[in-house]
Amino acid sequence: MDYARTELIQASLDSDQEGSTISESGSCDAYDHHPRPSFADEHGLIELLEGEKAYDLIYRNCKSGLGDQCQLLSILRNGFRTLDSRAKLRSFQVFQEAVEMKHVGEEGGGSRVKYGWCAVTKTELKSVLEYGFSQPSNDGSYGRGLYLSPDNALLECVKESAAESEDGMRFLLLSRVILGKSEVVPRGSTQSCPSSPEFDSGVDDLASPKKYIVWSTHMNTHVLPEFLVCIKTPFNFNSKQNQNQSPRRLRSPWMPFPILIKALSKFLPPSQISIIHKHYRDQQNMRISRSELIQRVRRITGDKLLVHIIKTLGHKVQQR
């Protein structure tokens, strides 16, 4: 979904537009007790108003992802007003062109620029907008880098963030992300850069990602914060969301592992296929159980991709 009314370069040249002061009621300034300068001006942001294309798209996205359980306070756009922020904008455009050229002619190639959500604290917001990301606040379960939720998975981002205070205030950045060619990154990975030059980013699942993984080497060239959304969440929001989650069990038609591995090789890089082959040999030599083999393969592939392949090919295998 494209939230921008105009090209980013036009937004960056919009320096003569005055940053509007957000209303004192139900806004980011309601959280900031200093009326001058306004929250928007202090952070180089421009308030979006109801009726503007970008505002309406983001508002509908938030309502679709969060329902009525969260209060949306304000939506602001990055004004790219300082020299540093304009340099970051230009850098992003240069890398977007480079990734586009790198994958030209490839099936599904191109720079694949998507929108992604990530939460930031109020104290680090100005620094992120001005200079970029320094130390992403995540558990490192998918390697060293910045994790973003796809623009249709806002709830995932909110669940992994922490409220600023007891009133449930949260700051969510909606950024453009250069994904290029993505590779699957299994949980528990210690990866900190692409596994080979052909890849540009990581995902937890190729078929239906819930996480974009932008390596620490790329996070200030391949991610461009464009909008800020301020919301309030109810008390104990995170714990209630965790209680509502139940473990899923993978159920599918039976399929021989050699056929499954051959199908997976169309989606996964050779390095990960090699690991799966090793796990399969270990199981054949009775070093690990079949259930352990399945769990290891699931950690590498993610359930969505695995279910997609098994549903597509499983019934065909059974009919032979």
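The largest cavity has a volume of about 40 Å³. Before you go looking for it, a word on what is on your screen: this is a predicted model, where local features need pLDDT of at least 70 and side-chain atom pairs count only at pLDDT 80 or more, while totals for chains, interfaces and linings use all residues. Residues are numbered from 1 along each chain as its sequence is written, and side-chain values use heavy atoms, with hydrogens and water left out.

**Stop 1: the cavity**

Select C62, K63, L66, G67, C70, Q71, L72 and I231, which line the largest cavity. A cavity here is a set of points, on a 1 Å grid over the protein atoms alone, where a 1.4 Å probe fits but cannot get out; a pocket is an open set with protein on both sides within 12 Å along at least five of seven lines, and lining residues have an atom within 4 Å of a point. Volumes are the space filled by probe spheres set on the points, with grid points joined across faces, edges and corners.

Which helix gives the largest share of this lining? That is α4, with three residues. Both α4 (53-66) and β2 supply at least two lining residues each. By class, the lining splits into five nonpolar, two polar and one charged. For these classes, Ala, Val, Leu, Ile, Met, Phe, Trp, Tyr, Cys and Pro count as nonpolar, Asp, Glu, Lys and Arg as charged, and the others, Gly among them, as polar. Search the whole structure and you get one cavity of 30 Å³ or more.

**Stop 2: zoom out**

Now show the whole chain as a cartoon. Of the 320 residues, 48% count as buried. Buried means under 20% relative accessible area, exposed over 50%, and partly exposed in between, with a 1.4 Å probe and protein chains only. As for contacts (heavy atoms within 4.5 Å), 77% of those with a separation of 6 or more are between residues 24 or more positions apart.

**Stop 3**

Pick R77, in strand β2 (residues 71-78). At 15% relative accessibility, R77 counts as buried.

Next, click F80 in the loop between β2 and α5. Its phi is near 50°, a positive value in a residue other than glycine. Most residues other than glycine have a negative phi. Is F80 buried or exposed? F80 counts as buried, because its relative accessibility is 1%.

**Stop 4: helix α5**

Select residues 83-102 for helix α5, which has 20 residues and reaches 28 Å from first C-alpha to last, close to the 28 Å expected at 1.5 Å a residue. That expected span is 1.5 Å times one less than the number of residues. Colour S85, K88, L89, F92, Q93 and V99, the buried residues of α5. Look down the axis: these residues fall within an arc of 135°, so they line one face of the helix. The arc is that of the directions from the helix axis to the C-beta atoms. On the other side of α5, find L83 and M101, which are exposed.

Carry on to R112, in the loop between α5 and β3 (113-120). R112 has a positive phi of about 45° although it is not a glycine, and R112 is partly exposed, at 32% relative accessible area.

**Stop 5**

F199 sits in the loop between β6 (182-184) and β7 (201-203) and is buried, with a relative accessible area of 6%. Beyond residues up to four places away in sequence, F199 touches K102, K181, S182, E183, P194 and P269. F199 and P269 are 70 residues apart along the chain, with C-alpha atoms separated by 9.2 Å.

Now select E107, K181, S182, L206 and F267: of the 27 residues lining the second largest pocket, these lie nearest its centre. About 620 Å³ of space lies in this pocket. Its lining has 12 nonpolar, seven polar and eight charged residues.

**Last stop: T301**

Finish in helix α11 (residues 290-301), the place of T301. T301 counts as buried, at 0% relative accessibility. Leaving aside neighbours within four places in sequence, T301 is in contact with V184, D204, D205, L264, L268, I276 and L306.

Conventions
Helices (H or I, at least four residues) and strands (E, at least two) are DSSP runs, numbered from the N terminus.
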